[in-house]
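The entries below follow the order in which I looked things up.

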Amino acid sequence: LTADMIATGSWKTATFKPYNFKASGADQRAGALHPLNKVRAEFRQIFFEMGFEEMPTDKFVESGFWNFDVLFVPQQHPARDLQDTFYISDPESADVPRATSSEDTKDYAVYWDNVKAVHQDGKYGSIGYRYPWSGDESLRLVLRTHTTAISANMLHKLAAKRGPDGYIPPARYFSIDRVFRNESVDATHLAEFHQVEGVIADTNLTLGGLMEFMDIFFGKMGITDLKYKPAYNPYTEPSMEIFSYHKGLGKLIEIGNSGMFRPEMLESMGFPKDMRVYGWGLSLERPTMIKYGISNIRELLGHKVDL
Ligand SMILES: COC[C@@H]1[C@H](c2ccc(C#Cc3ccccc3)cc2)[C@@H]2CN(C(=O)Nc3ccc(OC4CC4)cc3)C[C@@H](O)[C@@H](O)CN12
């Protein structure tokens with residue numbers, strides 16, 4: 001039946017086959033939520049219900065100062081080499097760190113000097129790395145290699161806050177966003193991935209408390225029976241790799257990494273010696289690939305082409 005048949009009246013003499021009301025409709029190319037966004041929403045829900053505040057992660061480009069130096073990562077560390085980190089050629093360098101809003105009352109010159117001192121000469125009881133710390137190196141621009149750069153920026157601001165009791169208020173921050181590593185690409189690794197990171201700042205925090213919190217946090221994702229293995233990060237001491245036995249895969253798998261941020265990082269920011277900060281991280285891609293049975297990480301990118 002066409003518009004023309006109706007207009008000319010020819011429909012009156014035409015023969016039509018009977019309607020098949022049982023016929024299925026045409027394939028509707030309906031949209032669907034991206035698996036990464038579905039897993040991201042699950043993590044965000046868990047963070048929010050556990051009292052975490054989401055960090056602003058809309059800065060992919062960071063200075064070496066925020067991405068490495070404030071985290072007590074020495075300027076000779078291999079993670080800072082070209083084969084691990086994407087450096088930006090234009091602009092050539094970042095501005096020196098400064099307050100970016102009127103309510104930011106931190107003295108960035110003092111912070112800069114503290115970071116330089118703790119690397120170069122040691123400070124706060126640490127012997128430091130004892131090398132000539134370079135301000136120019138610190139101002140080189142990189143694609144952030146981890147969201148811990150933002151965690152450091154948020155913790156630095158927290159150190160200036162005071163609660164009604166006159167002390168720095170406890171805080172819980174999280175972020176889930178893209179990070180960039182100049183790594184060789186394979187079926188499970190791309191030059192970028194989404195890092196999930198949480199930090200908890202408070203007094204009387206212990207390593208046992210971190211393990212207990214990890215059990216609860218990952219338990220909410222159905223990841224149980226965690227095992228902890230001593231590890232090393234320049235910015236956390238002690239550090240632990242987190243493992244879990246995955247029944248589906250029939251093996252122990254690495255779930256993430258965690259630790260207590262070092263005093264060289266926290267006291268440089270102005271935190272008192274009794275303030276501790278938990279940090280932990282994992283990727284969004286790994287749980288998503290396992291949950292949705294995706295074997296090649298490229299399936300998480302771009303259009304899914306039906307072959
Ligand atoms: C360069 O690779 C880094 C990435 C990524 C990672 C590792 C560490 C951190 C961190 C951190 C940190 C530590 C201390 C303080 C602050 C942040 C963040 C991301 C994953 C971390 N990993 C990872 O996600 N593994 C994982 C996580 C969940 C999961 O769920 C399954 C349903 C059951 C399965 C696996 C471990 C490995 O995949 C590892 O090979 C790759 N890691």
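**Entry 1: the cavity.** I find the largest cavity lined by D69, V70, F72, Y111, V115, V118, E264, M265 and S268. A cavity is a set of points on a 1 Å grid over the protein atoms alone where a 1.4 Å probe fits but cannot get out, and lining residues have an atom within 4 Å of a point. My search of the whole structure gave 1 cavity of 30 Å³ or more, and the volume of the largest cavity is about 30 Å³. I take a volume as the space filled by probe spheres set on the points, which are joined across faces, edges and corners. Helix 4 (108-120) and helix 8 (263-269) each supply at least two residues of this lining.

**Note on the model.** The model is predicted: local features need pLDDT of at least 70 and side-chain atom pairs count only at pLDDT 80 or more, while totals for chains, interfaces and linings use all residues. Residues are numbered from 1 along each chain as its sequence is written, and side-chain values use heavy atoms, with hydrogens and water left out.

**Entry 2: the largest pocket.** I then looked up the largest pocket, which holds about 1,100 Å³ of space. Of its 39 lining residues, R181, F193, Q195, E254 and N257 are the closest to its centre. A pocket is an open set with protein on both sides within 12 Å along at least five of seven lines. Strand 8 gives the most to this lining, with 7 residues. Helices (H or I, at least four residues) and strands (E, at least two) are DSSP runs, numbered from the N terminus.

**Entry 3: the second largest pocket.** For the second largest pocket I note a volume of about 480 Å³. It is lined by 20 residues, of which K59, E62, W66, T100 and N153 are the closest to its centre. Helix 6 gives the most to this lining, with 4 residues.

**Entry 4: helix 2.** Helix 2 (residues 35-49) has 15 residues and reaches 21 Å from its first C-alpha to its last, close to the 21 Å expected at 1.5 Å a residue; the expected span is 1.5 Å times one less than the number of residues. I list L36, V39, F43, I46 and F47 as its buried residues, where buried means under 20% relative accessible area with a 1.4 Å probe, protein chains only. They lie on the same side of helix 2 because they cover an arc of only 100° around the axis, the arc being that of the directions from the helix axis to the C-beta atoms.

How values were computed. Buried means under 20% relative accessible area, exposed over 50%, partly exposed in between (1.4 Å probe, protein chains only).
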